[in-house]
Amino acid sequence: MGTVVDAAKKEANGSSLTEKKVTVVFVLGGPGSGKGTQCANIVQHFGYTHLSAGDLLRAEIKSGSENGTMIQNMIKEGKIVPSEVTIKLLQRAMQENSNDKFLIDGFPRNEENRAAFESVTGIEPEFVLFFDCSEEEMVRRILNRNQGREDDNIETIRKRFKVYMESSLPVIEYYKSKGKVHRINAEKSIEEVFEAVKAVFTPSIEKVAA
């Protein structure tokens, strides 16, 4: 695993985050894959802290800080918020939290996010939880959620799915090559999906205890 991570840690100038040994799990899955529900279950059962990249950006905008105004303007102009901005928010949230186990949801969205996260924080995820859900099932779920807005929504949903898959696939492939991806069939019931999730988390807890 070695040198790249070590170099990145040195680069971080011994920030409190590198001194604090944290466990990070990336949670990936398209819109409607049920990530949010499962993250809440993981928090409850396994004591992780759930960090949503989107929520952190929204909270920063609400805070009215200079950073928040910059983020808001970028979103208004349809620009993508730079990786470093989101990573800094994630880093700060991890530093300020007394927990040392984090679920990072909705990030990295693409390969550039991923590379920047590892070089800025010096942290490699323990593993990646990928909620795999077909386009058809996802469309059905989102339409059920947004009842009554079907016609103008179906195309938008399909576009969101396409963008999601195209940008996230390289991230999933990268971690797959390192043996770090746990693919969860997200089309089953909430209970069945959580059974599969539990099976992923339990061995890692036992290994730590051993």
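Predicted model: local features only at pLDDT ≥ 70, side-chain atom pairs only at ≥ 80, totals over all residues.

Colleague: Is K188 buried, partly exposed or exposed?
Modeller: Buried means under 20% relative accessible area and exposed means over 50%. K188 has 44% relative accessibility, so K188 counts as partly exposed.

Colleague: Which residues does K188 touch, not counting residues up to four places away in sequence?
Modeller: Contact means heavy atoms within 4.5 Å. With residues up to four places away in sequence left out, K188 touches R141 and V193.

Colleague: Which residues does the UniProt annotation "binding site" cover?
Modeller: The annotation comes from an unreviewed UniProt entry. Besides K188 and R145, the annotation covers G32, S33, G34, K35, G36 and T37. Of these residues, the lining of the largest pocket includes G32, S33, G34, K35, G36, T37, R145 and K188.

Colleague: Is R145 buried or exposed?
Modeller: R145 is in helix α8, which covers residues 135-145. Because its relative accessibility is 58%, and the cut-off is over 50%, R145 counts as exposed.

Colleague: At what distance does the side chain of S52 reach the backbone nitrogen of D55?
Modeller: S52 is in strand β2, residues 49-52. At 13% relative accessibility, under the 20% cut-off, S52 counts as buried. The side chain of S52 reaches the backbone nitrogen of D55 at 3.1 Å.

Technical notes: Residues numbered from 1 in each chain as written. Heavy atoms only, no water. Helix = DSSP H or I, 4+ residues; strand = E, 2+ residues; numbered from the N terminus. Buried < 20%, exposed > 50% of the residue type's maximum accessible area, 1.4 Å probe, protein only. Polar contact = N/O pair within 3.5 Å; in protein donor to acceptor, adjacent residues only side chain to side chain. UniProt positions renumbered as here; feature names shortened; annotations may be inferred. 1 Å grid on protein atoms, 1.4 Å probe; cavity = no way out; pocket = protein on both sides within 12 Å on 5 of 7 lines; lining within 4 Å.
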